[in-house]
Amino acid sequence: MSILTQEQTRKISDRVMSLTKADECIVNIEGSTIGNIRFARNAVSTAGLADDTRVQVQVAFGKKQGTATINEFDDKSIERAVRRAEDLAKLAPDNPEFIPAIAKTAYKPSDTFVQKTADIDPEYRAQAAAYAIEGCRKRGLVSAGFFTDRTSFETVANSNGLFGHQVATSLDFTLTVRTEDGRGSGWVKRSARDVTKFDPREAAEIAIEKALRSVDAKALEPGRYTVIMEPAATSDLLSFMLGGFDARRADEGRSFLSKAGGKNRLGDKLFDSQVNIWSDPWDKDVAVLPWDNDMLPRERVELVKDGKINALDYSRYWAQQKKQRAVGAAGNIIMAGTNKSTEELIANTRKGVLVTRTWYIRMVDPQSVLLTGLTRDGTFYVENGKIKHPIKNFRFNESPVTMLNNIEEIGKPVVIGADEARYSMLIPSMKIRDFNFTSLSDAV
């Protein structure tokens, strides 16, 4: 019962609407089927399939709101949920930031569903794991990884006649490969909506190669270096910055886009002119649902254009306060790139450091988005356009705001996280000057 049809969810939402006596009602119905296989030390440890479906009912009497959630769909259960939501609303204080449910609107569908991904079965998951496990066994390496595929649906409806329903698919694969003596480590991550765009052999070979090449790492003095960052490493840092595009946070002085006097930096040039970042729910590689968590229709929004802050994200309440137009919050982030591979960025580097992955990242200063974290799973010294040797990992102190000001070259974007719950991204590799490595790390 996890993946309900549009007809089934419309019947449920209509039933909820017919039962409520509240001034307004909002219904959200979600369900998913998630398959997975996990392996460690070159053997499968767990595998399974999880199903879940739920209905959330939110009602309002004036500015008083109440919410109830159920995972049973018979008439009695639905009625109990409606009455529970109504009882909670009557007990609740007025919400000073209450905004009525949005009017009936039409959503433009986005291409989030691929049948071949929905058809993934246990045999496919086992084979994806087998490529990594067998490849590592042959080379005397140790593998640990996780493959997961997801088919889900979401329905939104309200008492103003609004209704939307859409199905989505996605997959994610991560693999860590270690040498048996623990001196070398390699890692890879792959995400996609369409399983035909995922090659488990190719992914495994990348992690295996990095593990083999990372043995006998040499120490390099901390300092500022030109860095080639693979997309997974870059996206981990950029994600800390993107929340700052919330207009309210900027206006209230809680973001790197804040200015004195309750102003924001809309229109200011903060990044290199090569930087263009946007959100587009209909992008062919990272399509997301055409509505946000408040059921607002999404649009293509240019967040950064030629290095300038071009748009901020206004919630419905804050848009009303500031007399701005509210648009559905971004469900994906896309950064413009080129056709250059990471190998080409390396070939154009006289001296630098190749970073595969960043981790254990923590915020140091929210106003400047200064972050601290570590490299891991394959860090290499580059000289005269070639990887010369592996190096020990670093701790870094750096801000993605500064990074995007110090871009020398941009590579080809790749998908990082195709599931909307994980904030889908299409991010390129980058070559960045003056990246700040502050100390060495003994971790592999």
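Me: Contact means heavy atoms within 4.5 Å; leaving aside neighbours within four places in sequence, which residues is I432 in contact with?

Reply: This is a predicted model, in which local features need pLDDT of at least 70 and side-chain atom pairs count only at pLDDT 80 or more, while totals for chains, interfaces and linings use all residues. Residues are numbered from 1 along each chain as its sequence is written, and side-chain values use heavy atoms, with hydrogens and water left out. With neighbours within four places set aside, the contacts of I432 are Y225, T226, V227, M229, M403 and N406. I432 itself is found in strand β19, a strand being a DSSP run of E with at least two residues and a helix a run of H or I with at least four, both numbered from the N terminus.

Me: Why is I432 called buried?

Reply: The scale takes under 20% relative accessible area as buried, over 50% as exposed, and anything in between as partly exposed, using a 1.4 Å probe and protein chains only. I432 has 1% relative accessibility, and therefore counts as buried.

Me: What makes R80 exposed?

Reply: R80, in helix α2 (residues 75-91), has a relative accessible area of 52%, and is therefore exposed.

Me: What makes the phi values of N42 and M295 worth a remark?

Reply: Most residues other than glycine have a negative phi. N42 has a positive phi, near 60 degrees, and is not a glycine; M295, also not a glycine, has a positive phi of about 70 degrees. N42 lies in the loop between β1 (24-40) and β2 (43-61), and M295 in the loop between β10 (277-279) and β11 (301-305). N42 has a relative accessible area of 11% and so is buried, as is M295 at 7%.

Me: How do you know that the side chain of S399 reaches the backbone of S368 and V401?

Reply: A polar contact is a pair of N or O atoms within 3.5 Å, where within protein one must be able to donate a hydrogen and the other to accept it, and residues adjacent in sequence count only if both atoms are side-chain atoms. The S399 side chain lies 2.7 Å from the backbone oxygen of S368 and 3.1 Å from the backbone nitrogen of V401. S399 sits in the loop between β17 (393-398) and α10 (400-403), and at 4% relative accessible area it is buried.

Me: Which domains supply at least three residues each to the lining of the second largest pocket?

Reply: Both domain 1 (6-212) and domain 2 (216-443) do, with bounds that come from an automatic or database domain assignment. Their centres, taken over C-alpha atoms, are 25 Å apart, and 38 residues of domain 1 are in contact with 34 residues of domain 2.

Key. Contact = heavy atoms within 4.5 Å.
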